Amino acid sequence: MSSDKNVRRRVITPTTDASNTDPLLRHGELHVDDKPSLFAFLQQPTGCERVFISYEKIKWYWAPAFIGFWLLLYCAISIPASNHLPRPLTIKDEAKYPERFIAERAEMNLANLVALGPRVVGSRENELEAVNVISSRMRTLRAQLGAVHDIEVDVQVASGSYIHWGAVNMYQSIQNIVVKVSPKGSKSNTWVLVNSHYDTVPAGPGAGDDGSMVATMMETIRVLVKSKQALKHPVVFLFNGAEENPLQASHAFITQHKWAKNCKALINLDSAGNGGREILFQSGPNHPWLMKSYRRAIKHPYASTLAEEMFQHNFIPSDTDFRIFRDHGAVPGLDMAYQYNGYVYHTKYDRAEIFPRGSFQNTGDNLLSLIREISSAPELEDTSKHAEGHTVYYDVMGWFLVFYTETEGIILNVVVAIGAIVACGLAIKLMSNKMGISLKKILKHTLHMFVVLILGVVAGAATAIFIGVLMDVMHLPLSWFTHNWMMLGLYFCPFFFGLAIVPAMYFHYTKDDRFPIGQRVQLLMHCHCLFLALLTLVLTMCSIRSAFVFMLTCLFYTVGVVFNLSTSLHSRNVIWVIPHIVCYVPPFVFFAYFSHGFLVTFIPMLGRFGDSVNPELILAVFSVAVGLLTCGFVVPMLHMFRKSKTIICSLMAITLICIIIAATPLGFPYRPETSVQRFNILHAKRTFHDANNNVRRSESGYFIMPQDRRTYSVKNKVINMTMARDVKDDCKKEMNCGFPLYNMRWLKTRARGLWIPASEPVLGTVPVVKVISKKQTTPTRMRFEMQLSGPDHMGLYIQPLNSARVEKWSFHETPLRLGFKPPYYIYFSYGVNAAPLNFWVEVEKSNGIWSTPSLELGVSGFWIHHKELLTSDFTKFVKSFPSYVDAVPWPASYETWLY
């Protein structure tokens, strides 16, 4: 070791000679190549920044707080806003609020209706008892009339037919209860129509669908008839007796009732769940004034253009009476429905006791105000003059409604998208100046980053879809059905992983000291904004009104960019994220609220999509769309943390944990009563005749129609289920597989059915087809006149044979006129009148050879409300299903003849 004497010290003495000054301290003499060093020097954290920042990045242990912040916003703001219901009023409040809707009274109305049990078309409960309950209530209200309004009640019995889902939907003697509330002495001939249905499916009492809306209408009538506020125009309340058949009673009213021609605007009320808030998911069409009325009147708004477009493009497997009024009566209107707790929809668990009283108050407040508003609207006088195009509408957290015309939406989308492009372009230009990088080079970086962004989106989507396929292959579909939080780990995390890992690898392998990570992440976010802006423009050009969701994202990000540019925070490596986080909180909260409502709606629906559809893929795609919308600007900020790649990879660790959970009992999809598995089970007899009218085949058994992907979950738990065979071989041999198919949905998925041989069922009045006459009208044409009798729900199938074709018939002409592909399907039901159906068919056979069969006729019968016909063996079979299954049984028959 040397001594201090041998140590040479260099003393720097201050000097005024610029040539002796440290180059870093020379003001105004910095060369371009030295700028990154000075930029890094100036970016060192100071003060409290050191708590968060280290080496131009946020310390890694703040990442859980960052992620938790967004989850907290979702759980503390978005979910409560989605579930919020007003305080329900009770009968005690009536004296204080005489003009208000009283939720407790509506609840009593529902209890009286649901006490009847299932109300199926043709049953005593529907055709007699439900009619008596509603009519009796109307008689009571007539006795309580105030001095302002009159009330008229009419019971309609009607027959008719129309085309629905590719079939002839034919009805006979179904019923409607029609109530008109009008100002005393009114001479108005323009009325408002309010519709809901009191019939149900055979499965359950239908408290949510649609008894709740019927009860709401009854209470609304009570408030109106006792009100001192006079309506300007009359209001017709249609208590619809055959919606589940489907949509027959609404067709009967709008095409045949004496009051139908005066109904100029519609409020349709339906349900796909049990409670919650009613969502407005269809409007118009082409009548913006209705949305103006909705905005002025509504107390608790909940509406979405996106829901409307998804429904109208068949993303939602359902239909409502709104379509009938629109297509057959040209009546514009508003379509609203409950969608919360869709798990019990069309099951025996759709009960009155689980329906929230607050839901009654929410819908009642809205309906009462909306009726008063629309009935007073000047546009009602002549609605045809106000058909001005589509609208864009959405509520914000249930607080208020945003509404504008489609034209205004196009202008807004284009302006915001272009503004976002300009703001990002300016930010990139200033970034070039600050970094000392040429514009050409920064544009090259931008192009590379844009490609990286697209690859990240593709990688995220592919990862989520791969997980969806994997879950199905592993026989673990629907593991999120009860525990919805599992989809965050199964599908959102893989998408976020892919979205983030591609840029992370790009940043890792293209490090550049002249281009700090903070600026590169900003560039990535600018590219994401450019991507959304271009997507907004493309969707707008395609006339997709839901493009507003991407427009809003661009708008709030642009605000953050402008703020950073105006305050020069964009040049700071880390601090720039704060304005972006602040500006992104409002759209995140809104989109999380928005998406939560859709998830609550769609997840129960995936339990009734049938077993031919992989629900994992649907949820994966949905998660990608929601994830891109809600977190497209959040995920890139993960790159601002130290150990960012470890943080990103931890997302896949969460996915792995959720996959493991899915394989445990916790991941089993179903729970008794609250989230059940669905099966339709027919105890059926099948009989087939040959050309000589001899029986060539006859057998009985249980025909099972699965409703979801996990049919195998009951294989080893149900009596004789191991004997079940698929029906694909029958589909190759027999018309429509040779099974009694209840409706068009069954017809489309018939090959997915299962058959178990069993004892013969007990049937009621068996369907019989009588040939009244057979007459050859020309050498090549034969006319068959026939008569059909049987139970109140039947299906008729007509298949031409041996080069024959059906030229004319007495049914609806559309299938023949439009060339529907045979076999033709006619669904037939009747209500109070069981008279036989007389029909005729004319068959053309170009070769004129009538010695061979020219027509195969199949008839199915369904005893869907006759529980007394269920045999002991069949009952034992149904009861052997696990407690988490809602099995809907009824006897059925299928028989064919050749002519």
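Residues are numbered from 1 along each chain as its sequence is written, and side-chain values use heavy atoms, with hydrogens and water left out. Because the model is predicted, local features need pLDDT of at least 70 and side-chain atom pairs count only at pLDDT 80 or more, while totals for chains, interfaces and linings use all residues.

Select residues 406-435 and 517-541, helices H12 and H15 (DSSP runs of H or I, at least four residues, numbered from the N terminus). Their axes, which are lines fitted to C-alpha atoms over the stretch in contact, come within 9 Å and cross at roughly 160 degrees, so H12 and H15 are roughly antiparallel (an angle over 145 degrees, on a scale from 0 to 180 between N-to-C directions).

Next, show the side chains where the two helices meet (heavy atoms within 4.5 Å): among them are Ile410, Ala417 and Met431 in H12, and Leu523, His526 and Leu537 in H15. By class, this contact has 16 nonpolar, 6 polar and no charged residues (Ala, Val, Leu, Ile, Met, Phe, Trp, Tyr, Cys and Pro count as nonpolar, Asp, Glu, Lys and Arg as charged, and the others, Gly among them, as polar).

Now move to Leu71, Tyr74, Trp485, Leu488 and Phe492, which lie nearest the centre of the second largest pocket, among its 42 lining residues (a pocket is an open set of points on a 1 Å grid where a 1.4 Å probe fits, with protein on both sides within 12 Å along at least five of seven lines, and lining residues have an atom within 4 Å of a point). The lining divides into 32 nonpolar, 10 polar and no charged residues, and its largest share, 9 residues, comes from H3.

Terms used. Parallel < 35°, antiparallel > 145°, perpendicular 65-115°, else oblique.
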